[in-house]
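I want to look up some rings and their surroundings.

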Amino acid sequence: HVQLVESGGGSVQAGGSLRLSCEHSGYSSSGFCVGWFRQVPGKEREGVASIYIGGHSTTYADSVKGRFAISRDNVKNTLYLQMDGLKPEDTGVYYCAALQLSPCLLAPLKLLGHWGRGTQVTVS
């Protein structure tokens, strides 16, 4: 039973930073793929970044490359998303997702992953 809990969202001025956290439980395999997605009303959920629990390679959406960084602490069972240089278009509800999946790509993770309830990020 996979459980995911997001936190760290809030309101920030353009150019500011936030660090999101996702505590995860219910799995331990190094083959698990984990990632971050975001969504605004009326739009499809958009992939942001992904990483393997047991690896260091990452993927990023073009819109966040150079500004966001995904990482994980396997001792604390926590996934992070460091967001710098935030823009108004980064506003949305951010979700984390997890799945035993290889390769760790955003498209299949979006279709098949387990989800948390999300945390709101507002940039103005």
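**Rings and a threonine**

I started with Tyr95, which counts as buried because its relative accessibility is 13% (buried is under 20% relative accessible area, exposed over 50%, partly exposed in between, with a 1.4 Å probe and protein chains only). I kept in mind that this is a predicted model, where local features need pLDDT of at least 70, side-chain atom pairs count only at pLDDT 80 or more, and totals for chains, interfaces and linings use all residues. Residues are numbered from 1 along each chain as its sequence is written, and side-chain values use heavy atoms, leaving out hydrogens and water.

Next I looked for aromatic pairs and found two (rings of Phe, Tyr and Trp, the last by its six-membered ring, pair if their centres lie within 6.5 Å; planes under 30 degrees apart are stacked, over 60 edge-to-face, the rest tilted). Phe37 and Trp115 sit edge-to-face, 4.9 Å centre to centre with 70 degrees between the planes. Phe37 is in strand β4 and Trp115 in strand β10, so this pair ties together parts 78 residues apart in sequence (strands are DSSP runs of E, at least two residues, numbered from the N terminus). Phe37 is buried at 1% relative accessibility, while Trp115 is partly exposed at 28%.

Tyr95 and Trp115 are edge-to-face too, at 6.4 Å and 85 degrees. I noted that ring pairs link Phe37, Tyr95 and Trp115 into a cluster.

Last, I checked Thr78, found in strand β8. Thr78 is buried, at 5% relative accessibility. A polar atom of its side chain lies 3.0 Å from the backbone oxygen of Lys76.

Key. Helix = DSSP H or I, 4+ residues; strand = E, 2+ residues; numbered from the N terminus. Polar contact = N/O pair within 3.5 Å; in protein donor to acceptor, adjacent residues only side chain to side chain.
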